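Hi,

Here is the structure I promised to pass on.

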Amino acid sequence: MRAPTPATARRVAALGVAAAVPYVGLKSYWAAGGRAGLAAGFDVADEFARNGAPGALVWLERHGVDFTAVLALAGLAIACALAWPWGRRLPRRPLLALACAGTLLVPYGLLTALLALTGDGGGAAAPITGWVAPAGVGAFLGIGTALGVGAWSRLRPGRRTGVRGS
């Protein structure tokens, strides 16, 4: 199977960005103290602490910075670096390694979608309302796909640029 063209990688990266905007916005809103979409009494920082998150991540959440939103933005930056010519100035192998690891967001997104559709959360009360899951699923699938396509388009060692005449 042929590797995607740089133009295809750019289109998929742009779609990944578009798919992740609602997730990043929502998570940032929650970190800033917003409550829309959360079940009554649910606190994201408290949930992080209960699940054993490092104290620094809990502190960030309590001070308006959601680390998952930051990671989503980092994944999008890597996808864009793989897709656009400016990213060719960055070390290729670390970008590819991070992008390949980030493709695990695709099965995670599919599993999240399946659990949201079946309503099987392990019997616990849902901490979020029903409209929040699509934002997460869209972000996971969008970012993971953008990283995968970007990495695949850059795997051929001889391919340096997607610009004609280069």
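Bear in mind that this is a predicted model.

I'd start with Glu61, which sits in helix H3, residues 55-62. Glu61 is buried, yet has no salt bridge. Which side chain of opposite charge is nearest to Glu61? That turns out to be Lys27, 5.9 Å away, and a salt bridge would need the nitrogen within 4 Å of a carboxyl oxygen. As for what surrounds Glu61, leaving aside neighbours within four places in sequence, Glu61 is in contact with Trp30, Ala31, Val44, Ala45, Phe48, Asp66 and Phe67.

Now the packing. The largest nonpolar core has 25 residues, and the ones with the most contacts inside this core are Tyr23, Ile78, Leu82, Ala99, Ile143 and Leu147. Two or more residues each come from helices H1 (6-31), H4 (67-83), H5 (92-102) and H7 (133-154). H4 gives the largest share, with nine residues. There is also a second, separate core of nine residues, and Val44, Ala45, Val58 and Val132 are among them. Val44 and Ala45 came up above too, as contacts of Glu61.

Back to Ile143: again setting aside neighbours within four places in sequence, Ile143 is in contact with Ala20, Ala72, Gly75, Leu76 and Leu105.

Last, the rings. The count of aromatic pairs comes to three, and ring pairs link Tyr23, Tyr108 and Phe140 into a cluster. Tyr23 is also one of the residues with the most contacts inside the largest core.

Over to you!

Terms used. Residues numbered from 1 in each chain as written. Predicted model: local features only at pLDDT ≥ 70, side-chain atom pairs only at ≥ 80, totals over all residues. Heavy atoms only, no water. Core = buried A, V, L, I, M, F, W, Y, C linked by side-chain atoms within 4.5 Å. Buried < 20%, exposed > 50% of the residue type's maximum accessible area, 1.4 Å probe, protein only. Helix = DSSP H or I, 4+ residues; strand = E, 2+ residues; numbered from the N terminus. Contact = heavy atoms within 4.5 Å. Lys, Arg positive; Asp, Glu negative; His and termini not counted. Phe/Tyr/Trp six-rings, centres within 6.5 Å; stacked < 30°, edge-to-face > 60°.
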